[in-house]
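Here is a short briefing to read alongside the model. Please have the sequence and the 3D view open as you go.

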Amino acid sequence: MSAPIPYAEAVAEFEPVIGMEVHVELGTESKIFCGCPTAFGAPPNTQVCPVCLGLPGSMPVMNAMAIESTIRIGLALNCSIAEWCRMARKNYFYPDMPKDYQVSQYDEPLCVDGYLDVTVPTDDGPMVVRVGIERVHLEEDTGKLTHAGGATGRIHGADYSLVDYNRAGIPLVEIVTKPVTGTGALAPEVARAYVTELRDIMRGLGVSDVKMEEGSLRCDANVSLNLPGAEWGTRSETKNVNSLRSVERAVRSEIERQAGVLKSGGRVVQETRHFHEDTGVTTPGRSKEHAEDYRYFPEPDLVPIAPAREWVEELRRGLPEQPSVHRARLAQAWGIGDFEMATLVNAGVLELVEASVAAGVAPDAARKWWAGEFTRIANESGVEPASLAVTPADIARVEELIASGALNDKLARQVFEGVIAGEGTPDEVVAARGLAVVSDDGALLSAIDEALAAQPDVAEKIRGGKVQAAGAIVGAVMKATRGQADAGKVRELLLERLGVSDS
Amino acid sequence: MSTPLERDLIRQSAATLAEAIAEGEVSAREVTQAHLDRIAEVDGDVHAFLHVDAEGALATADAVDASRAAGDALGPLAGVPLALKDILAMKGVPTTCGSKILEGWRPPYDATVVERLRAAGIPILGKTNMDEFAMGSSTEHSAYGPTRNPWDLDRIPGGSGGGSAAAIASFEAPLAIGTDTGGSIRQPAAVTGTVGVKPTYGGVSRYGLVALASSLDQAGPCTRTVMDAALLHAVIGGHDPRDSTSIPDPMPDVVAAAARADVRGMRIGLVRELTGEGYQAGVEQRFREAVEILEHLGAEVVEVSCPHFEYALGAYYLILPSECSSNLARFDGMRYGLRVGDDGNASVEEVMSLTREAGFGPEVKRRIMLGTYALYSGYYDAYYGQAQKVRTLIQRDFEAAFAQCDVLVSPTAPTTAFRIGEKVDDPLAMYLNDVATIPVNMAGNCAMSLPVGLAPEDGLPVGLQVMAPPMADDRLYLVGGALEGALRDRWGHLLIEEVPSL
C-alpha cells in the first residue's frame, strides 16, 4: 500500500476527472408501485404491503406523480424528455430487494443529455463550470439492511442482519453526470458545488426534502486521475458520501490516494470505495473489475411510459425560478457581489441566510453570522451549518439585543455558543450565563480608575491629547469586566474622566 | 357412497346449478357438499387437488343461501363451487404453485380473480394441482405428484393446469380457474374432453397470479360447457387498476355470444401450419369433421398461412425462460416458504442457493438456467432480442389472417393424452405439446379449446382450438357455442358424459 500524497502535489502532477451519481428519494405521498406511505422514521416494516414486499403474484402500478417529478427534474436540468420509454428489471440477488430484481431504467431513461452550471469561488473570482447531465431515470429504492455483530457493520462478518422494507419501493431518481474534466485542483469544490446546486434545484421543485442525513439525497463520487495529455485513468466509485462537506472531502481524499498509488508505480483498481465521515478517507469495497451482469430486460409488468409533448411543455412552463436566477435576485437585494454569493452557496448557508433575513435579521448581519461564526463552529465539529441548533428566530433575537445595547458582539458569540450547545433560547442563555452588558456607570468608572492607576503612563499620554492611546485602557476595562461592558460606553466615560474629547 | 340426488348434482352444468340455487330447488350448501363428497370419493385416484378448503367453501355457500333467504338478488353463478389453480393467491389458504419452495405459504391477500369469485358468491373448493410454477404440459412436474386423467388414470391430464381440467372432467367441480402461458388451459381441456378459454392478454387481471412469464400469462375459465365458460369469464374479466397491463376498455359480452351460438356468415380460417406432420391421425380426423360441421352451420372456411408460426416455439422458449428466471428470483428463502441451510454459519448467499437447490424441481431449474443465460448482456440481442422480433412477426401473421377471417381454427394439441412417464424425461417432446397453442400467447390473442370427439385409434378426447383477435373473445363463444350445440345434437349428449365412471 502506497501512502497518499499531499493534495497540492497530487493536482500539480495529475488531472482529475470526476463524475457524480446522485440518488434522490422523491417526496411523493405514496410509494412508486403501491399505496404505502413514504414518511421517514416509522417503525420497521410497518409501511409495507404485498406489492412493495414483492409477494408472489403482486404487481406494480406506476405512480403518476413519480413520473411527473422525474420529468420536472429532467427539465430543470435542461434534459430532453423521452417520447417513449420503458422500465427495466435489474436482476441480482440481495436480501434488501424483495423481488431479487430492482425495477429501474436501463437503455431507455426518461430524461437524457442535459447540463447544470455551477459556480465555484476562486482566487481570480467566481468560475462557472458546466456539468453535463448524462441521464435522469426513475427506479425503486431497496429496503434497508442493518447488520448486527461483526466489526465492520457490513454484511460480511455480521452475526445476523435485519431488513426494514419501509424504504423498499420509495421512488428514487438517479441523476448521472457526464465525466467532468478540466477542473484541476478545483475538482472537489466543483463536486460539492454541483451537489449543492442539485439539492437547491430539488428543493425549489418541491420534489424531495433532499435531506442527506436521512438518505433522501445520496451521492456516489467517481474519481480518476491521469497525467496531462494522457488517457483517462481507472476510476473508483466512492459511496456513502452523506453530506455536502463529505462530497468535497471524499473527492479530495480520493485524489490524494490515487495520486499516491500512481506515483509509486501502482495501478488504481476499479472498485467501489466507502467514505468514512470520521477519518475523511475511503476504504475499498466491492471490486468492479469483473462487472456483474444485471441481465436487464424491459419490465413486462408495466406498460411503457409515453409522456405527451403538450404535458411536458406544460410542466416546463410550471418550473420554478432556477436557483441561479434566484441567487442573482438575492444578491441584488442584499447588495453583494458574485464572490460573496458563491461563498455563501459553497458554505451551504445561502438558504440559512435567506431564512434569517426573512425572520427579520439584516442581510449583512445574517451573512456575517452564517458565513463566519456558524461555519467555523460547524467545521470544527464536523457537521453541516444547517444542522446547528440555531434558528433564524434566535439570530433575530440576538440582533435585537445587540441593537438595544443589551449585548455586544463578543457577548452575542457567547450567547450563540450556549444556544448551539443546547442551553436554551438566547434569553435563557443570557440569563443563565449572566451575559448582560455592564452599563452601570459607577461600576465602569471604578474599573476605569483601576485601569488608569495601573497604567499611569498611558493615562498621561491621553491627558496629553494622544486620544488613540485610549484603546489600551478600554481593553483593560473590557478584560476586567469579562467583556460584559459596552466598549463604546467605556471609551466615552474614559475620555470624559480625563477631560479630553475625540475631535 | 353418494345418493342419487348428489350424483345428479355433480353432473349438472354450472348454469343449471346456478338456476336451481336461485330458484330454491337446491341450496348452495347442498351443491357444495355434493362436490366435496365427490372429491372425497374420487380424488385419491385423480389427485386433482393439492388442498381442499371445505370450511371456506361451505361458509361461502351458506352466505349465498342466507342472501337468497333474505331476498337478495344472486349473481349468475352464485353458490356454484369452483376449483382454483394453485397459482392464484388466496388469503389464508396454502398457495404452493406445485412447488416445494412455497410449501406452507399462506398468502395475506387475495388475487383479483379470487376477489371477484368471492364477490360473485362462488364457493372455492380448494386449490388444484399443476406443473411446478406452471412449467409443463402433463402435471407430472408437480412437486406433489401427478394428476391423472379421468378418461384413463394411466394417462396425463395435460398441463400445466391438469388439476383444474381433471377436477372438471371427474365431476369434482363444475367450474375451475386455470392459467395459460403457452397452452396450460387449452391443452388440458383438449386431453380431458372439457372446455378451456385463454382470454385476451389483459382481459383478466393478473394481480395475485404468481407470474411464470408476465408477458404471456393469462387466467381463464375451465368448464364442461361453452356457456359455463362464458359465465365464469364474465365474472373474472374486466379492468383492474392493480394490473397495469389490464385493458381498460369494456370487455365483449361473452355470455350473449355463447347464447347466440351462431356462425352463419363467419369466415373461419384453417391455419395450414398447425396441421399435418406431427399431428396424430385421429386428432386430424376429428378436427376435419368439426370444421365440416362449422361449414354446414353456415360458416365459410378458408385456408390461411401463418408462415412465422414455425418459429413460435423456439422464440417462446427464449422469452418464457427469460421472464421466469427473473420472476422466480424472489423465491430465495429470505421472506416466506422454504429455507434451507440456515445453520447460523452459512452466509446469506449460501442459504439462498441451498434453498433454491432444494426447493425447485428439475424443469424449473432448467428454465431458470436457460433464461439466465439468454439475458446475459453478451447474448441478449441474439436470443431475447431476436425472440421479440419473432413475436412481432407472429403478431403480423395473425393480423394478416384476421384481415381475411373472423376466427382461426386448429387442433388444440397434436396428440391425445399420452401415458404418464412417456415424455417426462424428454423436454423437447414435452414442449411440442404446445406447438399449436403458443402462437396465441405470443400475440396476446384469445383462444378456446372445446371437445370435438374421441380419436378412433385410442378412444381419447380431441380438442379443437378457436382463435380470435384481441378483445374479440365473444367470437370464441359464437363458434364454440355453435359447434358444441351441433355436436350435442349429433351425439345426443356432451362428450364429457362418455367419460368412464371412476
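**Chain B as a whole**

In chain B, 77% of the contacts with a separation of 6 or more are between residues 24 or more positions apart; two residues are in contact if their C-beta atoms, placed from the backbone, lie within 7 Å. Please keep in mind that this is a predicted model, in which local features need pLDDT of at least 70, side-chain atom pairs count only at pLDDT 80 or more, and totals for chains, interfaces and linings use all residues. Residues are numbered from 1 along each chain as its sequence is written, while chains are lettered from A and ligands numbered from 1 in the order in which they are written.

- Chain B has 17 helices and eleven strands, which are DSSP runs numbered from the N terminus (helices: H or I, at least four residues; strands: E, at least two).
- Of its 502 residues, 62% count as buried, meaning that 20 or more other C-beta atoms lie within 10 Å of the residue's own; exposed residues have 12 or fewer, and partly exposed ones fall in between.
- Along the principal axes, the C-alpha atoms of chain B fill a box of roughly 65 × 55 × 45 Å.

**The sheet of chain B**

- The eleven strands of chain B form an open sheet with mixed pairing, in the order 1-3-2-4-6-5-10-11-9-7-8; two strands pair if DSSP finds at least two bridges between them.
- At the edges are strand 1 (49-52) and strand 8 (300-304) of chain B, each pairing on one side only.
- Strand 9 (residues 407-411) and strand 11 (residues 461-468) of chain B run antiparallel and are joined by four bridges.
- B:L408 has B:M467, in strand 11 of chain B, as its bridge partner.

**Helix 15 of chain A**

- Which residues of helix 15 (residues 470-480) of chain A are buried? They are A:A470, A:I473, A:V474, A:V477 and A:M478.
- These residues lie on the same side of helix 15 of chain A, because they cover an arc of only 140° around the axis, an arc taken from the directions from the helix axis to the C-beta atoms.
- On the face turned away from that buried side are the exposed residues A:G471 and A:K479.
- Helix 13 (441-454), helix 14 (456-463) and helix 16 (487-498) of chain A are included in what covers the buried residues of helix 15.
- After helix 15 of chain A comes A:R482, with a positive phi near 50°.

**Where the chains meet**

- Chain A gives 24 residues to the contact and chain B gives 32 residues.
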